[in-house]
Number of protein chains: 2
Amino acid sequence: MPSLRVGIVGAGGETGGSIVNGLLEAGDFDVVALVRPASASKPANTALKQRGVEIRPIDLSGSQDAMVDALKDLEVVISAVSAGEQLAQIPLATATKAAGVKRFLPCAFITVIPPGGVQGLRDEKEHVYNHIKQLSLPYTIVDVGWWYQISFPELPSGKIDYAIGFKGQTIAGDGNVPNAITDLRDIGRYVAKIIVDDRTLNKYVFVYNELWKPNDIYSLLEKLSGEKLERKYTSRETFEAQIKDADEKMANGATDFLTHVQKVTAQYLISWGIRGDNTPEYAKYLGYLTSKDLYPDFNFKDYEEYIKEVLDGKAKGVYAELRELQKQMSAAQK
Amino acid sequence: MPSLRVGIVGAGGETGGSIVNGLLEAGDFDVVALVRPASASKPANTALKQRGVEIRPIDLSGSQDAMVDALKDLEVVISAVSAGEQLAQIPLATATKAAGVKRFLPCAFITVIPPGGVQGLRDEKEHVYNHIKQLSLPYTIVDVGWWYQISFPELPSGKIDYAIGFKGQTIAGDGNVPNAITDLRDIGRYVAKIIVDDRTLNKYVFVYNELWKPNDIYSLLEKLSGEKLERKYTSRETFEAQIKDADEKMANGATDFLTHVQKVTAQYLISWGIRGDNTPEYAKYLGYLTSKDLYPDFNFKDYEEYIKEVLDGKAKGVYAELRELQKQMSAAQK
């Protein structure tokens, strides 16, 4: 059987990187990284090439014909564009349809959130999903829960700061709302199964490893580290004030990344931490299939094992650029 | 087994009337018509009462508490509000959730149309659906195809004018796009099955009787009537110009019903007549279950039999108020 040829946009990102790893590990795919023309010879792409990935330039804001040419030998196209590039998927989806691609995975890959005002990033994705549906483009929408990698706070000793996604986390609401979490490294392994599974065609799939309440994560970290954590709780009203503040800054012309992060983070925390959207029950209500039902034998990373890795200094931080930015901002404020 | 208590908003409309008939015919339901306080003693509601329907006042723009009180003994709430009242369902859905109702059928009951700009009425419904989903309110969305009753043109002899929904119909596109059609009178009979069916909970259901291409409907009518029909075809560009014209009138302050009808009709015709949205294949792609799969033995009205009824003078026109308005406009223009 010839390998399935899979194109991926955003192979250099956190999610895209996990997907490339998952596809290469599965071994059944010819992986094509669809990269900005200017990025084709960057070191990260050279490294991908050495791992057997074809590097193919595509300009998402360029001509439709050129995009169709770049896509027409692909059987699956996966988009893992960055948060700010969601609407660039509109012409990408149009070209993917014209190229006769058999399945498109738009950039979903977030927690379960209903559309219509709960979270701005989710609503941008909805525009893309509506466009896909209007095209009758075969699709699968894969949401992935909250990542292990950004699920835990720093310790007073500072010994796990190296692995912290966002410093200064607080607990949303009362901390007793279950939240579905997934090891970022498992996402690509799930995707490798989903894209060859007829049951997932034209469906929403919710991928997750385990359900954890924030309070229980704090307790686990205390138990395994022997350190005592301060628990700061943040109310819905406080998050709503943060959203309002970000909206006002943006209305006054702010376009900086951190203002966007402020808003999106507060909306995320209301959604999974207080509303409780990010659970398999709610996902099923919304029409999702779940990884537990589809792949009951999937060998996923255990969360407690992951936290031990973190404490052993063996984990890898995520969002390095964001952490660097946060560090610079914090230094500038001192 | 005690009867299921079902409330219906809009029992006096075309769809609502079919639903009341279907529920009463099934015999398993206590039917409660939820009516405007000012309408409770109108002749139409008195007639419903004589058929065993409870008439219960509800004010959709009134207090939540009063609405919850009016809904709390109901197991199912069905909304068949008019086209202009879609957003009044937002507080209705909130109250339905608070009242602990086990299933809500929002006012869908149109053709299959994807959300996101294809048709304005569909997009208003999407706001309501998003609100329902954010509430975790158990729901079923029932779309019903295009009605038999508005599917055919008038004859040159004028003998079926009595039954014509919209006069001056033309054929969208080339007239060869299949369109799913349903006898308005069957809708309530389908709904009576759907609301007691666990398979349809939190699902979209597409109800239809038969698939017909407009050209074949013209041929059928010619064959059965012996009259010759002129076939006027309208292109997508013409419909788009009609939409643009209506948009401009509305931008200039027009709020009249016919301008809205002009736009919505053109959007409908592009959707089912040219895009081909209103088919079981597309509905399934969008995630709908279909009446054919759910109820393969459903005894529906045959379309050819229906057209014979029309020719025999035994059919009933629909949208009497709209037809009257159209007649007055036409007389005023002479």
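Modeller: In this predicted model, helix α8 (residues 236–251) of chain A packs against helix α9 (residues 257–275) of chain A at an angle of about 155 degrees, and their axes lie 9 Å apart. Helices are DSSP runs (H or I, at least four residues) and strands likewise (E, at least two), numbered from the N terminus. Axes are lines fitted to C-alpha atoms, for helices over the stretch in contact, and angles run from 0 to 180 degrees between N-to-C directions. α8(A) and α9(A) are therefore roughly antiparallel to each other; angles over 145 degrees count as such, those under 35 as roughly parallel, 65 to 115 as roughly perpendicular and the rest as oblique. α8(A) passes α9(A) in a left-handed crossing, the term for a near helix turned anticlockwise from the far one by less than a right angle, with right-handed used if clockwise.

On the α8(A) side the contact (heavy atoms within 4.5 Å) includes A:Arg236, A:Phe239, A:Ile243, A:Ala246 and A:Met250, and on the α9(A) side A:Thr259, A:Lys263, A:Ala266, A:Ile270 and A:Ile274 are among the residues involved. The residues of this contact divide into 8 nonpolar, 5 polar and 7 charged. Here Ala, Val, Leu, Ile, Met, Phe, Trp, Tyr, Cys and Pro count as nonpolar, Asp, Glu, Lys and Arg as charged, and the others, Gly among them, as polar.

A second pair in chain A is formed by helix α4 (residues 89–98) and helix α5 (residues 120–135), which pack at an angle of about 20 degrees with axes 9 Å apart. α4(A) and α5(A) are therefore roughly parallel to each other, and α4(A) passes α5(A) in a right-handed crossing. In α4(A), A:Gln89, A:Ile90, A:Ala93, A:Thr94 and A:Lys97 meet A:His127, A:Val128, A:His131, A:Ile132 and A:Leu135 of α5(A). That contact comprises 5 nonpolar, 4 polar and 1 charged residues.

Over residues 5–272 chain A is 41% helix and 16% strand, with the end C-alpha atoms 35 Å apart.

Chain A can be laid on chain B with an RMSD of 0.0 Å by a turn of 180 degrees and a shift of 0.0 Å along the axis. The two copies are thus related as by a two-fold rotation axis, the superposition being by least squares on the C-alpha atoms of residues with pLDDT of at least 70 in both. A:Gly287 comes closest to that axis among the residues of chain A, at 4.3 Å (C-alpha). The copies meet through the same surface, because 100% of the interface residues of chain A are also interface residues in chain B.

Residues are numbered from 1 along each chain as its sequence is written, and chains are lettered from A and ligands numbered from 1 in the order in which they are written. Local features need pLDDT of at least 70 and side-chain atom pairs count only at pLDDT 80 or more, whereas totals for chains, interfaces and linings use all residues, and side-chain values use heavy atoms, leaving out hydrogens and water.
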